[in-house]
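Trainee: Could you walk me through this one?
Mentor: Gladly; let us look at it together.

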Amino acid sequence: MVEYGVSVLKKLLFIFLLLTSLLFGSDLKTEQRIYNLIIHTLLPNKEDIKVWGDSLHNKELLNTIPNVRFASSPQDADFLLVSKKPLQDPQGIIFVTDFNLLQKMKKSAVGGFFWQKGRPNILFLRKNLQKKSIQLPESMQDYIEDEI
Amino acid sequence: MRYLKKIYIVIFISILFAISYLFVQTAKIQTLLNQNVEKILINEAKSFAQNINLLLKKNLLEDPYQQLQEDQNLRTHLENTLSVLRSNTYKYIFVLYRDKQGVYRFLLDGSKDKASFNQRLNVDKKLWNRVYATQKPLIVNQKKLDGLWITYLVPFVVNGKTQAVIAIDFSKELPENIYNAIAPLNNIILYIFIAIGCLIIILVYQTFLSIKNKKESITDPLTQVYNRNYMRELLKNINIGNYQIMMCDIDYFKYINDNYGHKAGDAVLAQTAKILSDEIRQNDILIRYGGEEFLIFIKRKANENDTLACNIAQRIRKKIETTHFQYEDKIIKLTLSIGLTCNPEHFKSISDAIKHADEMLYIAKREGRNKVVSTKDTQIQTVQFQNKKSINEVKAAMEESRIICYFQAIYSLQSNEIVKYEALVRLQEEDGTITPPIAFLDTIMYTNIYNDLTKVVLESVFSHIKKHKVSISTNLNFSDILDNSIFDLIIHEIEAHEELAPWLIIELLEYEIFAETTAIIQERIQKIRSYGVHIALDDFGSGYANYAIFKILPIDILKIDGSLIKDLDTSKTSRTIVDSIVLLAKEMNIKTVAEFVHSKEVYDEVKKLGVDEAQGFYLAKPLPKINTED
């Protein structure tokens, strides 16, 4: 009877852990999914994508994205996720996490992703996209801004 | 017990229902609270929106974008005004306009994290466009957005044209607070549910154990068929009329144990039980009755004939006979004897019916084993030798009033006159011939028909006493006195004819009294005597003759056994015994009656010995009626 009870409890615990991991996992992955989409949209043909983040949070976000690896320095990166203006503009595609920063880096950053009024907002700057010769798919055309 | 189970189920369902109801109601309370709060907040938001609308109308002209772009101060003033309305509940208050590309952009933002003028905001365009087009407010439930509950959208219309949309975002904080307040109650109910769930699991497990234990207690571990524990339970509820009884016994089983060992015996028993189980039907009940004895209740439908059990029994017997029982490398051959009770409903009790099947089994054994013997078979056989009747024949005679009394006169040896009669039961055949009781009494001994017969005899005796005002004796067994139903019947008949009771003489047969029944016998005989009924001991001097009887019971008459009387004229021994009996009786003031007086010589002898009364063919044969003129 006792053994049977322990066995049932073990099963219940396993189901509980599985469910909680799935629930919490889904929240954490929302931003990661968005960045995965952004990176592979901006670099559609590149197989070996090197990324770089300027903060722990950004690094964590990039760390889970498939088919990318971390660059050793910002200069080597194909895609950079930044939360503050770098001292020197790198060669790669710069994506920012704040609208104000995007305004500050409107000459170098190709776009940004940030939460505005509780809503997710993606912005691409047309001039910088053209500068980097990036052609966005039709579904993303709506998010391109000429000026900010 | 059955009702108790139903009550438990009803209580259990009621508790479940009550908790479910509570659970649903708590959820309802939460929804209602949310709805009410929502209603209040929306009304407040409406009022805010109205004020904002008035403020904008007051300050803005036909092209708000142009005006606000140019007038930084106005923008600051309006945004400050909007921010006054901001609270923990109204998280964001802002105004967006739609540009030529259909993109929504900020005109004013009263929120804390203020957006830039003309900054785009990705919104659900479908809904916002609707507000733009219809110029009607819209309440949007924000299910996908984190931290937002409701967005209230109000168009800002100038000269019939929508210029912008005022948005008020409700924070999720309030419904979350409501949810958190009610959550403990929900949790309690949930825990009760879980507790009940656990109880149900325990209950189911306990029930399973209980059933398992019960099954084990009623199952024979060796043969895996029911045991006598089950039979005891079964007999309490069984309607015996629906079954025929089969008693089976393995022939020479001791021989198997002695020659092959007990393990072989066990194996044979298990295999036999398996065969029996396979050969009977699902509705039949197989019980291991004793060591190598099995009892089977054969289910019988109303229209099924008596041969059903017989056919099954023959099938089983043949199967056992042709089976090669195997134990290790040994082949063992067996036979089975079977006794049947085909009509258990004719018996007074199920125990009597089983006892009868056992008796039939005994006959099967006695007649050579490997046989099936049923009531019918024994009747046929005995009829051939003893002209015995079957139960059904006696029953039919009873129903057709063919059970009658013959009366044999008893003479006083002093006056040579008839002083009383002995009632002798007879069965009148349909053709009018008469069958003596020896041919049918044994057959019905343990059945209800015997009770009916006793009643018929007593009624006949009383009717003749009433008619002829003469003493009549009738025979009863001690077992009749001990049988509650027969004793009640006797008392009932005596009480019904109380004034005639002193004319009645009860002759007791087979008077072997066991110590444990002495007290009951004494009490009951006393009760019978209290009505004036006389008690006679029949067949005294042979069989169960025991002088101790005089110490136990008050005896009025002693009937000396015919075996002593019939050769009184030739046997000195008989004469000596009768002489001593007469002497004893006289000493104890008991009257003596000599039975079987069949000749003048015997008559003279009994008279000479001082016997008080006599009966026998020499004096008078039993007759169907009393002729008082004699």
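**Strands and helices**

Mentor: A:Phe95 stands opposite A:Gly111 in S5(A). This is a predicted model, in which local features need pLDDT of at least 70 and side-chain atom pairs count only at pLDDT 80 or more, while totals for chains, interfaces and linings use all residues. Residues are numbered from 1 along each chain as its sequence is written, and chains are lettered from A and ligands numbered from 1 in the order in which they are written.

Trainee: How many bridges join S4 to S5 in chain A, and do they run parallel or antiparallel?
Mentor: Strand S4 (residues 93–96) and strand S5 (residues 109–116) of chain A run parallel, joined by 3 bridges. Strands (E, at least two residues) and helices (H or I, at least four) are DSSP runs, numbered from the N terminus, and two strands pair if DSSP finds at least two bridges between them.

Trainee: And what is the strand order in chain A?
Mentor: In chain A the order is S2-S1-S3-S4-S5-S6-S7, an open sheet of 7 strands with mixed pairing. Its edge strands, S2 (68–70) and S7 (144–145) of chain A, each pair on one side only.

Trainee: Switching to chain B, how do H7 and H8 cross?
Mentor: The axes of H7 (residues 253–260) and H8 (residues 262–279) of chain B come within 6 Å and cross at roughly 135°. Axes are lines fitted to C-alpha atoms, for helices over the stretch in contact (C-beta atoms, placed from the backbone, within 7 Å), with angles from 0 to 180 degrees between N-to-C directions.
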